Amino acid sequence: IQDILKILRPLSKTLDYLHEKAIVHGDLKPENILLRKNRTDGSFQPFVNDYGISKIASVTDTLYTNNNVLLGKLNYLAPEIIENKPPSPTADVYSLGVIIYEAMEGKTPFDAKSLSALIKQKLDDYVPAPINLLKNGGIRAARVLLKALNVNPERRQNSASALVSQL
């Protein structure tokens, strides 16, 4: 977990900066996190990429096109975005939670065979316990991660840094 936290700490600061500027990335996923190796110490510096569907957070914005097509990769999208509700910083916290879950478990928390089953899983608020995180980080770390993956945005951590520091 410590190796993952070395990448998550600066990544969470980047997300918090965007959120302070009222920008919600809206499509945070592993493919949109680039790593640059520091030549001096060999550490990795993460960069957030692909702001194509980012939004200035407002109560009237959604991440759907005019033709009602949902933008983003479904496994990582927060439930409220799937429901066509306005994006908020906690949507990015949710996506970061899915990324952390996948980094720890080797898979996302959602294992559906169809699109409708995947949507149902995400909206039902059931996330399987992260077994590897329980083994390596303990029950407290698992609870922190599950909080980030709560279907209710108000029950998640209010920032990416809060999520990472609680881990």
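Biologist: Where is Ala-22 found?

Modeller: Ala-22 is in the loop between H1 and strand E1 (23-24). Those labels come from DSSP runs, numbered from the N terminus: helices are H or I with at least four residues, strands are E with at least two. Keep in mind that this is a predicted model, where local features need pLDDT of at least 70 and side-chain atom pairs count only at pLDDT 80 or more, while totals for chains, interfaces and linings use all residues. Residues are numbered from 1 along each chain as its sequence is written, and side-chain values use heavy atoms, leaving out hydrogens and water.

Biologist: Why is Ala-22 called partly exposed?

Modeller: Buried means under 20% relative accessible area and exposed means over 50%, with partly exposed in between (1.4 Å probe, protein chains only). Ala-22 has 29% relative accessibility, so it counts as partly exposed. Its phi is also positive, near 65°, in a residue other than glycine.

Biologist: What makes Asn-84 partly exposed?

Modeller: Asn-84 has a relative accessible area of 31%, so partly exposed is the label that applies. Asn-84 is in the loop between helix H2 (79-82) and H3, and its phi is positive at about 65° although it is not a glycine.

Biologist: And Val-48, why does that count as buried?

Modeller: Its relative accessibility is 11%, so Val-48 counts as buried. Val-48 lies in strand E3. Contact means heavy atoms within 4.5 Å. Leaving aside neighbours within four places in sequence, Val-48 is in contact with Leu-11, Thr-14, His-25, Leu-28 and Asn-32.

Biologist: How do you know that E2 and E3 pair?

Modeller: DSSP has to find at least two bridges between two strands before they count as paired. Strand E2 (residues 33-37) and strand E3 (residues 44-48) have five, in the antiparallel sense, so they pass that test. Two examples: Arg-36 stands opposite Gln-45 in E3, and the bridge partner of Leu-35 is Pro-46. The hairpin of E2 and E3 has six residues between the strands, and Gly-42 there takes a positive phi near 80°.

Biologist: How do you know that the length of H3 agrees with what it should span?

Modeller: The expected span is 1.5 Å times one less than the number of residues in the helix. For the 17 residues of helix H3 (residues 89-105) that gives 24 Å, and the end C-alpha atoms are 24 Å apart, so the two agree. Just after H3, Gly-106 takes a positive phi of about 80°.

Biologist: What makes H3 largely enclosed by the rest of the structure?

Modeller: Of its 17 residues, 14 are buried, so H3 is largely enclosed. Not counting residues up to four places away in sequence, Thr-90 touches Glu-80, Pro-153, Arg-156, Gln-157 and Asn-158.

Biologist: Why are H3 and H5 called roughly antiparallel?

Modeller: Axes here are lines fitted to C-alpha atoms, for helices over the stretch in contact, and angles run from 0 to 180 degrees between N-to-C directions. Under 35 degrees is roughly parallel, over 145 roughly antiparallel, 65 to 115 roughly perpendicular and the rest oblique. The axes of H3 and helix H5 (residues 131-148) cross at roughly 170° and come within 11 Å, so the pair counts as roughly antiparallel. On the H3 side, the contact residues include Val-93, Tyr-94 and Gly-97; on the H5 side, they include Ile-131, Asn-132 and Asn-136.

Biologist: Which label does Asn-136 get, buried or exposed?

Modeller: Exposed, because its relative accessibility is 55%. Its C-alpha atom is separated by 7.0 Å from that of Ile-1, 135 residues away along the chain.

Biologist: What makes H1 roughly antiparallel to H3?

Modeller: The axes of helix H1 (residues 2-20) and H3 cross at roughly 165° and come within 11 Å, so H1 is roughly antiparallel to H3. Among the residues that meet are Leu-8 and Leu-11 in H1, with Leu-96 and Ile-100 in H3.

Biologist: How is the handedness of each crossing described?

Modeller: A crossing is left-handed if the near helix is turned anticlockwise from the far one by less than a right angle, and right-handed if clockwise. H3 passes H5 in a left-handed crossing, whereas the crossing of H1 and H3 is right-handed.
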